[in-house]
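Subject: Structure handover

Hello,

Here is the structure I promised to pass on. My notes follow below it.

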Amino acid sequence: MTFILGSGSPRRKELLAQIGVVADEIRAPDIDETPQKTELPRPYCARMAREKVAAVQAGADDIVLCADTTVAVGRRILGKPENAEEAASFLRLMSGRRHKVITAVAVKRGDKLWERDVVSTVRMKRLSDAELAAYLATDDWQGKAGGYGIQGPAGALIPWISGSFTGIVGLPLAETANLLRAAGYIFDGETS
């Protein structure tokens, strides 16, 4: 059995290491992540995780894990910003408000699929122009859904969350561990 992480995210790799899971191989799938017209954030996120895991080539006994993290303000999906201007517009939209962070996880082994999504609520403080400019200057917004990562400098902008901190970072660990166990992954110290 080979464990394949279907993600190029260094954050997911680090989170898995926290629970003693190290991928034998990393194979980031290349799929179209464009939301469908009128697609809501939670079904979109779950679809992305399923499509990613389906796109990873694996043997019948290999375990593959893929995930997708989506930031949503109401029905609006905030993806990874293309540039600093788009990141600024996302951050202004979330400034002083609550938003949702959804992380969907999909695990496959052979033709079996296990999936779960976790929805957390995050409140961003009201950002001054100076705070916004200082955060954008860190370039921490790059490659992150919604234009921020709670585990970096943006953590100072988030006074309150409800839900899974690791889910907001990009992989809800308790739920992920359960999915991996269901697929037959054996954690160090556990017996089958």
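First, a term: on a 1 Å grid over the protein atoms alone, a pocket is an open set of points where a 1.4 Å probe fits, with protein on both sides within 12 Å along at least five of seven lines. Lining residues have an atom within 4 Å of a point. A volume is the space filled by probe spheres set on the points, which are joined across faces, edges and corners.

This is a predicted model: local features need pLDDT of at least 70, side-chain atom pairs need 80 or more, and totals for chains, interfaces and linings use all residues. Residues are numbered from 1 along each chain as its sequence is written, and side-chain values use heavy atoms, without hydrogens or water.

The largest pocket has a volume of about 630 Å³. It is lined by 34 residues, and R12, D68, T69, K80 and G143 are the closest to its centre. β3 gives the most to the lining, with five residues. Among the other elements that each supply at least two are α1 (10-18) and α2 (41-55). Helices (H or I, at least four residues) and strands (E, at least two) are DSSP runs, numbered from the N terminus.

**Two helices**

α1 also packs with helix α6 (residues 173-182), at an angle of about 75° and with axes 11 Å apart. Axes are lines fitted to C-alpha atoms over the stretch in contact, and angles run from 0 to 180 degrees between N-to-C directions. The two helices, α1 and α6, are therefore roughly perpendicular (65 to 115 degrees). L15, L16 and Q18 in α1 meet L173, T176 and L180 in α6; contact means heavy atoms within 4.5 Å.

**D117**

Look for D117 in strand β6 (residues 112-123). D117 touches R42, I102, T103 and A104, leaving aside residues up to four places away in sequence.

Best wishes

Methods. Angles under 35 degrees count as roughly parallel, over 145 as roughly antiparallel, 65 to 115 as roughly perpendicular and the rest as oblique.
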